[in-house]
Amino acid sequence: MIKLGSVFMSEISRRNFFKLGASAALGAALFNLETLPNTALAKGNATKTLKFTPISIKNLPNAETAAKKSELINTSLNYIKTCISKITDNNLRTKTASFIEDTRPTFMQMYPSSNDVTNIYNKLADENLLNTSIISPEQLFPSYNGQKPQDFISGPGSGYSSHHPYPGGLCTHTAANLSISEGIVNTYKQVFGYEVDNNIVLSAQSLHDLAKPWVFQWNTDGTSFTEYTIAGTGAHHILSLVEAIHRNMPAEEIVAQACAHNHPGSPKDEEQVVSWIKAASIIAQVNPIKYGLLDTSGTKIPYPQHQEGYIVHLGDHDWVLSGFAATKVVEALKEIAQKDYNFSSNDLNGKLFNDFRNYIGAQVSYMYLHNLLAQNGFGELRSLINQIIVK
């Protein structure tokens, strides 16, 4: 193992947050990143706190192994678990932790046959919550055999062309979101003098992408499954809500979790959040009004709206930068793969390059690599890749 600087897991200092304006709350830099436990940080011309394990180009592992052997991914998962341990409600803490340990979509026990799936598909279509020209009944749910689709640790942060699309990207994405969300909670406490329900924030943010290990399973060629949409958003969002409902999570947590993809601050935006809750409730086969997810009209979030959902939404804006960063880094990795490792055009579009980019991403993250490229240039990025992947 090559060690550059040092990496240690520690508590975040709550005295190091920047004072925020409203626009700053949308960014990932809500606090001094040097206080984030075990986070690789490229700053200026110096590379700090970076650990990686070199590997031969001939021995690149599959996606799940790449994640499980990465210190970055393991420490990100430990940070998520540390955040969950801060939940003071014993029942909520135990339930939240159980989702991280068991990634099975247990609600699928309600859909043992293709006829059952078709029936619920038709109900969603009748409510205009599906685009039947894009998604078929066979595409409503990803493949599932009753076992864990994969462990939480190895799931990507999103689709293969989106944010944190490497093995373990789900852990780095969720850890970043939790830090950002706690930064907002503490900012509101310091500036405005009040506290929201941090238990709900921590639980909802930890679980906002809980279906991604299922939705984005790894293919044998190193890519991940293609995602379809339900109710106008990525299926993982709806299916995460379904599983939370099926496992009887509190209504307040589910509503906050539903807000991850949008805030309900205007009639149009609220309508979208309501549609996601409706879609999830249909699949989970519950009445969203009786559950407490919608008001008595069935068209609005229960009044008065709580702030936790807005904070979860603000905290889930890591994708604004990380999606762009991933695109640019993958472009640069293709150039390096051709110049330094003699990848052919076929290699760049197949398993070899996918394993190459997956291992690199899991070791140091595309965020680190993009900042290194932006601050220090292509040569520094190329040099680091040559240290991670040995010819």
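This is a predicted model: local features need pLDDT of at least 70, side-chain atom pairs count only at pLDDT 80 or more; totals for chains, interfaces and linings use all residues.
Residues are numbered from 1 along each chain as its sequence is written, and side-chain values use heavy atoms, with hydrogens and water left out.

Let's start with helix H5, which covers residues 169–192. Helices here are DSSP runs of H or I with at least four residues, numbered from the N terminus. H5 has 24 residues and spans 34 Å from its first C-alpha to its last, close to the 34 Å expected at 1.5 Å a residue; that expected span is 1.5 Å times one less than the number of residues. Of the 24 residues in H5, 20 are buried, where buried means under 20% relative accessible area, exposed means over 50%, and partly exposed lies in between (1.4 Å probe, protein chains only).

Within H5 sits asparagine 186, which counts as buried because its relative accessibility is 16%. A polar atom of its side chain lies 2.7 Å from the backbone oxygen of glutamate 182. Just after H5, glycine 193 takes a positive phi of about 80°.

Histidine 163 is buried, because its relative accessible area is 11%. Its side chain makes a polar contact with the side chain of serine 162 at 3.1 Å. A polar contact is a pair of N or O atoms within 3.5 Å; within protein, one must be able to donate a hydrogen and the other to accept it, and residues adjacent in sequence count only if both atoms are side-chain atoms.

Next come the charged pairs. Side chains of opposite charge can pair when their charged atoms come close. The structure holds 13 salt bridges, each being a side-chain nitrogen of Lys or Arg within 4 Å of a carboxyl oxygen of Asp or Glu. In one of them, aspartate 151 meets lysine 68, with the closest N and O atoms 3.0 Å apart. This pair links distant parts of the chain, 83 residues apart: aspartate 151 is in the loop between helix H4 (114–126) and H5, and lysine 68 is in helix H1 (residues 63–68).

Another salt bridge joins glutamate 101 and lysine 81 (3.4 Å, N to O). Glutamate 101 lies in helix H3 (residues 90–101) and lysine 81 in helix H2 (residues 71–85), so this pair ties together parts that are 20 residues apart in sequence.

Glutamate 195 also forms a salt bridge, with lysine 189, at 3.9 Å between the closest N and O atoms. Here glutamate 195 is exposed at 61% relative accessible area, while lysine 189 is partly exposed at 43%.

The structure holds 3 cavities of 30 Å³ or more. On a 1 Å grid over the protein atoms alone, a cavity is a set of points where a 1.4 Å probe fits but cannot get out, and lining residues have an atom within 4 Å of a point. The largest cavity has about 80 Å³ of space, and its lining includes Phe99, Asp102, Trp214 and Arg247.

How values were computed
On a 1 Å grid over the protein atoms alone, a cavity is a set of points where a 1.4 Å probe fits but cannot get out, and a pocket is an open set with protein on both sides within 12 Å along at least five of seven lines; lining residues have an atom within 4 Å of a point. Grid points are joined across faces, edges and corners, and a volume is the space filled by probe spheres set on the points. Helices (H or I, at least four residues) and strands (E, at least two) are DSSP runs, numbered from the N terminus.
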